[in-house]
Amino acid sequence: MKASRTLILCGLAALVSSGCATKKFVTREVGAVNQKTDALASQLEGTQERVKRTEARIDEVDREAQAGILDARRSAGDAMTRATEAEKAAKGKLIYTVTLSDDQVKFPFGRAEIDSDAKSRVDQAIAALKTENRGVYFEIHGHTDSTGPSEYNRWLGEQRALMVRDYLHEEHGIALARLAVVSYGETQPVVDNKTPEHRAENRRVVIQVLE
């Protein structure tokens, strides 16, 4: 009987001892897991912070890039404007003007033909330029009197200017790129249109030679 009680007590002691050991083990493992969780949470926070900094830097770089593109476009536009203005200035020096008016040469009424006298005046005007081989430009302005509708007069002035342009190109070999045509129609008379003589004076083609 005494031996049995001893065995029971020993078994109970063993169970108690085993239970304590198990509790300590669980506590130790839970503590380790908590430490790992805290470490992972800290790493996650650090990663999130780095991601935020990276995103902020990307946004900053993107803004800088966009600003750089705009600056480059503005600079290119400014450069183009300056180049265009310089080209205009280089080509804008008026050398002289030749006027072919109907009181000097004949522009048939309502037609865009130029006669032999007009061609002769053109030949004389550009002879020196061809001899010197100067790289000049020509603006050819067509004008009419006030007879007829304004739209028709603008068209007629253009046709007369085109006739002179084509003559300069075909007979004198001047490149079309150096020949500009503008029609003013009836809008720039040199005198009033009250008499036939004045109307004849207003029917004209003006050649401006520019360097």
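## Salt bridges

Glu 49 and Arg 53 are joined through their side chains by a salt bridge, at 3.8 Å from N to O; the term denotes a side-chain nitrogen of Lys or Arg within 4 Å of a carboxyl oxygen of Asp or Glu. The two residues lie 4 residues apart in helix α1, so about one helical turn separates them. Glu 49 is partly exposed, at 38% relative accessibility (buried means under 20% relative accessible area, exposed over 50%, and partly exposed in between, with a 1.4 Å probe and protein chains only).

The whole structure contains 3 salt bridges. In one of them, the side chains of Arg 203 and Asp 145 meet at 2.7 Å, N to O. This pair links distant parts of the chain, 58 residues apart: Arg 203 lies in the loop between α4 (196-202) and β4 (204-210), and Asp 145 in the loop between β2 (137-143) and α3. Arg 203 is buried at 12% relative accessibility, and Asp 145 is buried at 4%. Asp 166 also forms a salt bridge, with Arg 165, where the closest N and O atoms are 2.9 Å apart. Asp 166 is partly exposed at 25%, as is Arg 165 at 23%.

## Model and confidence

The model is predicted; local features require a pLDDT of at least 70 and side-chain atom pairs 80 or more, whereas totals for chains, interfaces and linings use all residues. Residues are numbered from 1 along each chain as its sequence is written, and side-chain values use heavy atoms, with hydrogens and water left out.

The mean pLDDT (the predictor's confidence in each residue, from 0 to 100) of the protein chain is 77, and 66% of the residues score at least 70. Confidence is lowest in helix α1 (residues 2-91), with a mean of 65, and highest in strand β3 (residues 179-185), at 95.

## Overall architecture

The protein chain has 4 helices and 4 strands, taken as DSSP runs numbered from the N terminus (helices H or I, at least four residues; strands E, at least two). Their order along the sequence is α-β-α-β-α-β-α-β. Of the 211 residues, 21% count as buried.

## Helix α3

Helix α3 (residues 150-172) has 23 residues and should span 33 Å at 1.5 Å a residue; its end C-alpha atoms are 32 Å apart, which agrees. The expected span is 1.5 Å times one less than the number of residues. Buried residues of α3 include Leu 156, Arg 160, Tyr 167 and His 172. Gly 173 follows α3 and has a positive phi, near 70 degrees.
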